[in-house]
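Dear colleague,

I am passing on the structure we spoke of, with the sequence alongside. My notes on what was found in it follow below.

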Amino acid sequence: MKNKPHYTEPLSTALRRRPYGNKAEITNTVRWIAITALFLFLTLTISFLITGKDKNALISVIGMVPIVVSIILLRRDAITAPSTLLAITIIILITLLATFGQGLEDIGLLGFPVILIVCGLILRGQVIMYLTFFIIACLGWLGFGSYYGWYHPASNTIGSIGDFYIASIIMLIAGNSIYHLVKNVFDALARAEKEIELRESAEQEREKVIQKLRSKNQELDRFAIRVSHDLKTPLITVAGFLGFLEKDIKSGNYEKVEKNLTQINEAAKKMGTFVDELLDLSRVGRIVNPPTDVAFDIIVQDALKAAEGLLEAKQVRVKIEAIFPFVHVDRVRVVQVMQNLITNAVKFMGDQPQPVIRIGFAEIDGEHIFSVRDNGIGIENEHQERVFELFNKLDPNTEGIGLGLGLVKRIIEVHGGRIWVESEGTGKGSTFKFTLRKQPDMIINP
C-alpha cells in the first residue's frame with residue numbers, strides 16, 4: 001500500500017491534460033509547436049520585407065503576437081488556453097500560406113486534420129467542433145476569395161464553389177469523427193477512473209480491516225496473558241490458605257482457622273468480581289438493550305445515584321454545568337459509562353482538599369460532546385492513550401483490575417462515538433470527553 005500511486009486529480013482529466021502521462025512532456029511539445037510557428041511567421045515577415053510587401057509583413061507581425069502570448073502562458077503552467085490560441089494561430093498561418101500559395105490546392109491544407117487530432121488529445125472534445133467550423137470558414141475564404149478575385153493563387157488556378165463544398169464536407173466528417181473518437185476515449189478513461197477509485201477504496205478498507213485485526217490479535221494475546229495471571233493469583237491464594245486451614249484444624253488452632261477463612265473468602269470475592277467484569281466486557285456489542293430516546297440529564301442522575309456512596313465517602317462535590325440534549329442510546333450501557341467515569345475520577349483525586357467533578361456538554365461543528373472533568377492528579381501525555389487499554393492500571397495500588405475505561409471505550413464505540421482524555425499533566429486534573437451521534441437512524445445498537 002505504501003508504494004501505491006496517489007491520484008491528485010481525476011484520471012480522465014490527468015490524461016486529457018497529459019496524453020503522454022507527463023505534464024512537462026506535453027507542455028514541451030506544445031512549446032515546440034509554438035516556437036516552430038513563431039519561426040515560420042518570422043520567416044514570412046522577413047520574406048515580405050525583402051519583397052517590399054510591407055502590408056503583408058505587418059499582418060505577419062500581428063500573427064506572431066498570439067504565439068508569444070501562448071509561450072508566456074505555457075511558462076505559467078497553463079495548457080488549455082495557450083493550446084487553443086496556438087491552434088487558431090496555426091490555422092490562420094496555414095490559410096495565409098495557402099493564400100500566397102496554391103489556394104484550395106495547397107498541400108499545406110493537410111495540416112488542418114492534424115491540428116484537430118492534436119487538439120483532441122490536449123483540449124476538451126467540444127473544442128474540436130469549434131475549430132472545425134473555424135477551418136471551414138478559412139476554406140470559405142480560400143474558395144470564395146479565389147472565385148471572386150479577392151486574392152490570386154500562385155498557380156493562377158481559380159477555385160470553384162464545388163471545391164469549397166467538397167473540402168468543407170471532408171473537414172466536417174474529419175472533425176465529427178475525431179470528436180466522437182476523443183469523446184469515446186474520455187468516456188473510457190472516466191470508467192477506468194471510477195474502477196480505480198473503487199479498487200483504491202476497497203484496498204484502503206482492506207488495509208483498515210487488516211490493521212484492525214492485527215490490533216485485535218495483539219490485544220487478545222495481552223488479554224489471554226493477563227486473564228491467565230489474574231485468575232491464577234486468587235486460585236493460588238485459595239490453595240495456599242486451604243493448606244494452612246487443614247493444618248490449623250488438625251492442630252485445633254481455631255483462631256487461625258477464622259483468619260484463613262477470611263483470606264479464602266476475599267480471594268474468592270476477587271475472582272468473582274474479575275469473572276463478572278470479564279462477562280460484562282464480553283457482552284458489549286452482543287447483548288442488546290433496545291436504544292431509546294432519553295434525556296441525558298436522567299442518565300447523569302442514574303449514574304450519580306449509583307455512585308452516591310463513593311461520592312459521599314470521599315466527600316466529592318459534583319457540579320452539572322450544562323443543559324443536556326436528548327440522546328438515542330442503550331440507556332443502561334451509557335449510565336454504566338457515566339458511572340465508570342465518575343468513579344474513576346473519584347479514585348484519582350489524590351490528596352485534593354476540595355475534590356470536584358464537573359459534568360458538561362457542548363455542541364461543536366454539529367457534534368455532541370459530553371465531558372467529565374475532575375481536579376485530581378491528572379494524566380501525563382504519554383499515558384493518555386494507554387488508560388483505555390484493557391488491564392492497564394497506571395496505579396497498581398488502586399481498586400479494580402483495569403477493565404473500567406476499556407469497557408467505557410467499547411460502549412462508546414459501539415454507539416458510533418469516540419472517547420479521549422485531556423490533561424495538562426500531574427496535579428492538574430483530567431477531562432474525559434466522548435461523543436454520541438445525534439441521528440437515531442445512524443446509531444449502531446450496543
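Asp 365 is found in the loop between β4 (356-364) and β5 (367-374), and in this model, which is predicted, the residue has a positive phi of about 55 degrees although it is not a glycine. With a relative accessible area of 80%, Asp 365 is exposed. A positive phi of about 55 degrees is also given for Gln 315, again not a glycine, and this residue lies in the loop that runs between α10 (308-314) and β2 (317-320). Gln 315 counts as exposed, at 66% relative accessibility.

Turning to the helices, α9 (residues 296-306) has Phe 296, Ile 299, Val 300, Ala 303 and Leu 304 buried. Seen down the axis of α9, these buried residues fall within an arc of 130 degrees, so they line one face of the helix.

Among contacts with a separation of 6 or more, 70% are accounted for by residues 24 or more positions apart, while the accessible surface comes to about 26,000 Å², of which 59% belongs to carbon and sulfur atoms.

Note on methods: Residues numbered from 1 in each chain as written. Predicted model: local features only at pLDDT ≥ 70, side-chain atom pairs only at ≥ 80, totals over all residues. Heavy atoms only, no water. Contact = heavy atoms within 4.5 Å. Areas by Shrake-Rupley, 256 points an atom, 1.4 Å probe, with all protein chains shown as cover. Buried < 20%, exposed > 50% of the residue type's maximum accessible area, 1.4 Å probe, protein only. Helix = DSSP H or I, 4+ residues; strand = E, 2+ residues; numbered from the N terminus. Arc of directions from axis to C-beta.
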